[in-house]
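Could you walk me through this structure in my viewer? I would like to know what to select next and what is there.

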Amino acid sequence: MNVYDNLIASVRANLQPLYRYLELRRRVLGLKEIHAYDTNVPIVPNIETDVSWDEACDKVLAALAPLGDEYVQTLGAGLRGRWCDRYENKGKRSGAFSSSSYGNPPFIMMNYKRDVFTDVYTLAHEAGHSMHTWHSQRTQPFQTYDYPIFLAEVASTFNEELLTHYLIEHTEDKAMRAYLINRQIDDIRATVIRQTMFAEFEKIAHAKEERANRSLSIPSAASIASCSRPTSGRTS
Amino acid sequence: MAIPDDTFEAYLRDAVLAAWQVPLRKTPPAEAAHAEHGGGTPARPGIERAQRASRDLLAAHERGHEVRRDRRREGRRAGAVAIELRLVHGQARPGIAEEGRGNQFYAEFDAHKFTVASTLASSIKADVFRARARNYSSAREGALFYDDVR
């Protein structure tokens, strides 16, 4: 519970860089005012890449080397083995996820495309979930091996961070570096700041219901949204 | 590699799968909507309106891409969600689309705020009830430590 509270307090205490970034975005996009949906537009030119599945595995595994030989070797064997349903297929759903059942290997569903560079990040992200599950199954009984999403995203987004560091260290191309840095900033905004805003919203809403000792009124629920608005800075 | 189309079609033709065939899923959208509503009768006006709206939206997206290509570098077309939303909802800058059609993007949320709030309030009430029924000190503790059975 303290971790949850500390996260909200830390993010709230460090919002100035977010406001500066949103102001930069507003100027670069040439807008009079910036809205939430404007934050999805890339502000650096997109990059054209051609990365095969094997090359993506190589990059991800090299980036995750700081996590140790056992981690890299286990993940490498899984990815090059049968852990991942990797490509698009007729009737296959979109998106990506990692799933498992106790006592079995983790499995990844994704739709890898060699010309979509974010798919390399998707692989790193889902690999984080899979290795989290792999370790959890080996150290926890069935009753406690599962994990809440608040914990799950630590493993997956940390892998993305390692991948970004690795890629920035291993490229001299200015366009690629700009893309990676912009992506890193947008990831921090979307993953750390926005998700914490959601966490604070849910905390306030549920605490209000618990304190009221009666049902949360509809107008009250509608007004709670404004409680966490400052975290969104100048996006609205 | 994806399964080749002819191989996939061969799988689907297997007699074992006969009971699982869903004809609508293999029909173009407009015909599917027609078939879904009786086949022999015309599609309902609502369906037609939705299809028209989809075509309009697609046309607006394409216009947005064209404008964007003129105004910015080619690479920035990817993920140009905002400019398309601005175009569709009348928030685009002068030169891209007419101003003054209102802030429809937010108006849609505003128009449904009590429906959304009602759904949210019910969900929160359920969370709090479950946490209390299971002896958690709060709904937040119940969500974070759901495997700590009391």
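Here is a tour through both chains, one selection at a time.

**Start with confidence.** Keep in mind that this is a predicted model. Colour chain A by pLDDT: the average is 89, and 90% of the residues score at least 70. Now select residues 228-236 of chain A, where the pLDDT is below 50. Beyond near neighbours in sequence, this stretch has 26 contacts in the model. Where pLDDT is low, the predicted coordinates should not be read in detail.

**Helix 7 of chain A.** Select residues 149-169 of chain A, which form helix 7. This helix has 21 residues and spans 30 Å from its first C-alpha to its last, close to the 30 Å expected at 1.5 Å a residue. Next, show side chains for the buried residues of helix 7 of chain A: A:Ala155, A:Ser156, A:Asn159, A:Glu160, A:Leu163 and A:Leu167. What covers them? The cover includes helix 3 (53-63), helix 5 (118-139) and helix 8 (174-212) of chain A.

**Two of those covering helices.** Keep helix 3 and helix 5 of chain A on screen. They pack at an angle of about 50°, with their axes 10 Å apart, which makes helix 3 of chain A oblique to helix 5 of chain A. The crossing of helix 3 and helix 5 of chain A is right-handed. To see the contact, select A:Ala56, A:Lys59, A:Val60 and A:Ala63 on helix 3 of chain A, then A:Val120, A:Leu123, A:Ala124 and A:Ala127 on helix 5 of chain A.

**A loop stop.** Move on to A:Leu67, in the loop between helix 3 and helix 4 (69-80) of chain A. Is A:Leu67 buried or partly exposed? A:Leu67 counts as partly exposed because it has 16 C-beta neighbours inside 10 Å, and a residue needs 20 or more to be buried.

**Along helix 8 of chain A.** Select A:Met197, which sits in helix 8 of chain A. A:Met197 has 19 C-beta neighbours inside 10 Å, so A:Met197 counts as partly exposed. Draw a C-alpha to C-alpha distance to A:Arg12: A:Met197 and A:Arg12 are 9.0 Å apart in space and 185 residues apart in sequence.

**Crossing to chain B.** The contact is made by A:Ala205, A:His206, A:Glu209 and A:Glu210 on helix 8 of chain A, with B:Ile124, B:Lys125, B:Asp127 and B:Val128 on helix 6 of chain B.

**Chain B as a whole.** How many helices and strands does chain B have? Chain B has 7 helices and 0 strands. Of the 150 residues of chain B, 13% count as buried. Among contacts in chain B between residues at least 6 apart in sequence, 10% join residues at least 24 apart.

**Last stop.** Finish at B:Asn135, in the loop between helix 6 (113-133) and helix 7 (139-144) of chain B. B:Asn135 is exposed, because 9 other C-beta atoms lie within 10 Å. Check its backbone too: the phi of B:Asn135 is near 65°, a positive value in a residue other than glycine. Most residues other than glycine have a negative phi.

Technical notes. Residues numbered from 1 in each chain as written. Chains lettered and ligands numbered in written order. Predicted model: local features only at pLDDT ≥ 70, side-chain atom pairs only at ≥ 80, totals over all residues. Helix = DSSP H or I, 4+ residues; strand = E, 2+ residues; numbered from the N terminus. Buried ≥ 20, exposed ≤ 12 C-beta atoms within 10 Å, placed from the backbone. pLDDT = per-residue confidence, 0-100. Contact = placed C-beta atoms within 7 Å. Expected span 1.5 Å × (residues − 1). Axes fitted to C-alpha atoms, helices over the stretch in contact; angles between N-to-C directions. Parallel < 35°, antiparallel > 145°, perpendicular 65-115°, else oblique. Left-handed = near helix turned anticlockwise from the far one by under 90°.
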